[in-house]
Amino acid sequence: MAAKTRNPVMWLVIGLPVLSIVAGVGLVVISVRSGGGDAVIDTVQRTAQIQTTELGPDERAQSMKLSAVMHVDAKGLELLPVGGAFSSGEVPRDVPLTLVLSHPSDATLDRSVELRPSELGWHADLALPLDHDWLLQLAPADTRWRLRGRLIAGQGAAHLGPALRDE
């Protein structure tokens, strides 16, 4: 019995399989706790290995030449429209808009904010932490069009535009 415990090769014969089992269980636990699917807020349809999503709102935003700038400070969020259908009146300025703020990696921090019409555009009283990036998605209640953007950590402004670009 004493000879078996003194032989270093026996430690390898027993230790390596035990270590691989512990590592395998650890990887399974980590993968289960990390969450499910992608961190995408769009409705995605899967057929075989092809994923598709509705791009109609992005196409409408592109054809309407919509663009906006979001400003963040201690007073809250201010959304300022920039030309296109905002200035022509095609997009009513007296109705609220919905802004979805998505954390790039932690869905528990995601928020949806209703922006109310203001003197210059739309406003929401919200203290937004700027210690990490935010993915932005802006749309009216009927989701007819959609603008997207990214607020970089530490910056106080972001540009929102159509996800599709002219070629």
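Predicted model: local features only at pLDDT ≥ 70, side-chain atom pairs only at ≥ 80, totals over all residues.
**View 1**
Start with H2, which covers residues 8-33, 26 residues in total. From first C-alpha to last, the helix reaches 37 Å, close to the 38 Å expected at 1.5 Å a residue. Look along H2 for Gly15: there's a kink of about 30° here, shortly before the proline Pro17. How many of the 26 residues of H2 are buried? The number is zero, so H2 lies largely in the open.

**View 1. Lys65, a loop residue with a positive phi.**
Here we're in the loop that runs between helix H3 (56-63) and strand E3 (68-73), and that's the place of Lys65. The thing to spot is its backbone: phi of Lys65 is near 55°, a positive value, and the residue is something other than glycine. Is Lys65 buried or exposed? With 60% relative accessibility, Lys65 counts as exposed, since the cut-off for exposed is over 50%.

**View 2. Strand E8 and its two neighbours.**
Strand E8 spans residues 134-140. Six of its seven residues are buried, so E8 is largely enclosed by the rest of the structure. Strand E5 (residues 97-102) is joined to E8 by six bridges, and the two run antiparallel. E9 also runs antiparallel to E8, with five bridges joining them. Leu138 in E8 is a handy landmark: Leu99 stands opposite Leu138, and in E9 the bridge partner of Leu138 is Leu147. As background for reading any such view, side chains in a regular strand alternate between the two faces of the sheet.

His103 is found in the loop between E5 and strand E6 (111-117). A polar atom of the His103 side chain lies 3.0 Å from the backbone nitrogen of Ser105. Which residues does His103 touch, leaving aside those up to four places away in sequence? They are Leu109, Asp110, His132 and Trp134.

Conventions
Residues numbered from 1 in each chain as written. Heavy atoms only, no water. Helix = DSSP H or I, 4+ residues; strand = E, 2+ residues; numbered from the N terminus. Expected span 1.5 Å × (residues − 1). Bend = angle between axes of the 7 residues up to and from the residue. Buried < 20%, exposed > 50% of the residue type's maximum accessible area, 1.4 Å probe, protein only. Pairing = 2+ DSSP bridges. Polar contact = N/O pair within 3.5 Å; in protein donor to acceptor, adjacent residues only side chain to side chain. Contact = heavy atoms within 4.5 Å.
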